[in-house]
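This report describes a structure for a reader who is new to it. Please look at the sequence and the model first; the description follows.

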Amino acid sequence: MKKKYSIFSLIKNAFSYHENWEKAWKDPLPKKEYDAVIVGGGGHGLATAYYLAKKHNMKNIAVVEKGWIGGGNTGRNTTIIRSNYLWDASAGLYDHALKIWEGLSQELNYNVMFSQRGVMNLAHNLQDVRDLKRRTHANRLNGIDAVYLSTEEVKKFCPIINTSPDIRYPVLGGTLQKRAGTARHDAVAWGYARGADEMGVDIIQNCEVKGIKRNVDSIEGLETSKGYIKTKKIGVAAAGHSSVIANMAGLKLPLESKPLQALVSEPVKPIIDTVVMSNAVHAYVSQSDKGELVIGAGTDDYVSYSQKGSHDIVEGTLSAILELYPIFSRMRMLRQWGGIVDICPDASPIISKTPIKGLYFNCGWGTGGFKATPGSGDLFAHTIANNEPHKLNAAFNLNRFVSGDLVDEHGAAAVAH
Amino acid sequence: MFLINCPYCGEREQSEFKAGGEAHIVRPKQPTELSDDQWAEYLFMRKNIKGIQFERWVHTHGCRKWFNVVRDTSNDIIKAVYKMGEKPPPNK
């Protein structure tokens, strides 16, 4: 039993100069056989393992991770959490996640620094105005908090925005979801890892999957850099590398992997206390607790696994940010990076069984997977344990690309994909 | 960011071009006879290769012509460029 984190454990450990904290998770070698193996030790994979152990009593399971946990897209995103999606299926999925976020720190006994500072989406042209109004109404019908703001209300909520009518893309209005916000991205992975480890899940880092062994229609095991692991169920949560794993099993997915960039500025005093996203000019910005501006840019349009994006994408985002926030004109950017995101043709995720028995995929989150981490893990665990989807992820099956029942969240997701 | 050697204009910045996805996906000759699975395969399923990929590009801000590129998607190094209709180079 792990010791609980609390103010008392903090004080106690201060006396030993914080050198005697117990390890948050073990570092085991893989066993010969597991009931299920999760491929990918990011937030989604670790959350899946956590809920498999907690809600479905599957404790003889492992998470295998190529690098270190949370070192992929979990540590590369801009930490925005919201659920103001247009379609009913998406609203159900993302709001399920948001509801778990609201109690997650308490549940995990790990501070994920969830901050409901609100997310504002700006409209810059008449079509944006119509789309955002429609989305606000759709959200409210689905029980998701959403309000439409006039230009004056946008200015009042976030005073540093340039709402002058003479800028290239003037602010004509916006939407606000007050329950939305941000969280500390690493903490989510670490919290789930600690929770899963406590229930007996093996978290195996530096363990790359090299091959998947299958017979005609089911899974037998997987070849890794730490040896062969026998298992009847594999749940893949490998984000940008989903197709690589799928190809090992002889499966093709409707995905394209592309670089998505983000950057942070030097730290400054508190200046923006919310998250502002702008679809038309593709600029979004928030401020971290350290004071850095966290800025999300767009994806490149070509397939790449290089974790590097193009300079012109960053340039486009920064020029939009400068016009919307002239106050940032002398800010210096400290770091810039890219992550590889797996994008579905309908910009909605896949949490699904596959034609191969025992092989499950949780992928296609594209540019917006972080917000869904807890819900995604919960629903993927349900799908793996019962070999049937939960009603909330039934629409996000792989077969929708055959049936044509797509969940088209392209423009509706409030940010250009 | 990388340079692409357009077979018509020569070497230009990648930002002048637009990627057109996986190459050599042949449009079905008899669309009316396709099953839903075959349509899904044609429309949506992609190899999405990490490594050598054959793909289409168009020189949007240049000659506006389409052509094919062989590129290593793990490091964005271009191995070959060839025109539409030309025989693709062997995948080494």
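In chain A, strand 11 and strand 12 form a hairpin with two residues between them. Helices here are DSSP runs of H or I with at least four residues, strands are runs of E with at least two, and both are numbered from the N terminus. Two strands count as paired if DSSP finds at least two bridges between them.

This is a predicted model, in which local features need pLDDT of at least 70 and side-chain atom pairs count only at pLDDT 80 or more, while totals for chains, interfaces and linings use all residues. Residues are numbered from 1 along each chain as its sequence is written, chains are lettered from A and ligands numbered from 1 in the order in which they are written, and side-chain values use heavy atoms, with hydrogens and water left out.

Another hairpin joins strand 10 to strand 11 of chain A, here through four residues.

**The eight-stranded sheet of chain A**

Eight strands of chain A form an open sheet in the order 6-7-5-15-16-17-14-18, and the pairing is mixed. Strand 6 (147-149) and strand 18 (333-343) of chain A stand at the edges with a single partner strand each, so one side of each has no neighbour in the sheet. On average, neighbouring strands of this sheet are turned by 20° against each other, direction ignored. Axes are lines fitted to C-alpha atoms, for helices over the stretch in contact, and angles run from 0 to 180 degrees between N-to-C directions.

Helix 4 (residues 126-141) of chain A lies across strand 5 (119-123), strand 6 and strand 7 (173-177) of chain A, and runs at about 145° to strand 5 of chain A. Contact means heavy atoms within 4.5 Å.

Strands of a sheet pair through backbone hydrogen bonds, either parallel or antiparallel.

| Strand pair | Bridges | Residues standing opposite |
|---|---|---|
| Strand 14 (residues 256-265) and strand 18 of chain A | 10 bridges | A:Pro259 and A:Ile340 |
| Strand 11 (residues 219-224) and strand 12 (residues 227-231) of chain A | four bridges | A:Glu223 and A:Tyr228 |
| Strand 10 and strand 11 of chain A | five bridges | A:Arg214 and A:Ile219 |

**Single residues of chain A**

A:Ser265 has its place in strand 14 of chain A. Is A:Ser265 buried or exposed? A:Ser265 counts as buried, because its relative accessibility is 0%; buried means under 20% relative accessible area, exposed over 50%, and partly exposed in between, with a 1.4 Å probe and protein chains only. Not counting residues up to four places away in sequence, A:Ser265 touches A:Glu292, A:Leu293, A:Met331, A:Arg332, A:Met333 and A:Leu334. A:Ser265 and A:Leu52 are 213 residues apart in sequence and, C-alpha to C-alpha, 39 Å apart in space.

The loop between helix 3 (88-108) and strand 5 of chain A holds A:Asn109, and A:Met113 lies in the loop between these elements too. A:Asn109 has a positive phi of about 50° although it is not a glycine, and it counts as buried at 18% relative accessibility. A:Met113, also not a glycine, has a positive phi of about 55°. With a relative accessible area of 33%, A:Met113 is partly exposed.

A:His390 lies in the loop between helix 9 (373-386) and helix 10 (400-403) of chain A. At 23% relative accessibility, A:His390 counts as partly exposed. Which residues is A:His390 in contact with, leaving aside its neighbours within four places in sequence? They are A:Leu379, A:His382 and A:Thr383. A:His390 and A:Phe380 are 10 residues apart in sequence, and their C-alpha atoms are 8.4 Å apart in space.

**Chain B**

Chain B has one helix and six strands, which run β-β-β-α-β-β-β from the N terminus on. Its C-alpha atoms fill a box of roughly 45 × 25 × 25 Å, taken along the principal axes. Of the 92 residues of chain B, 37% count as buried. Among contacts in chain B between residues at least 6 apart in sequence, 46% join residues at least 24 apart.
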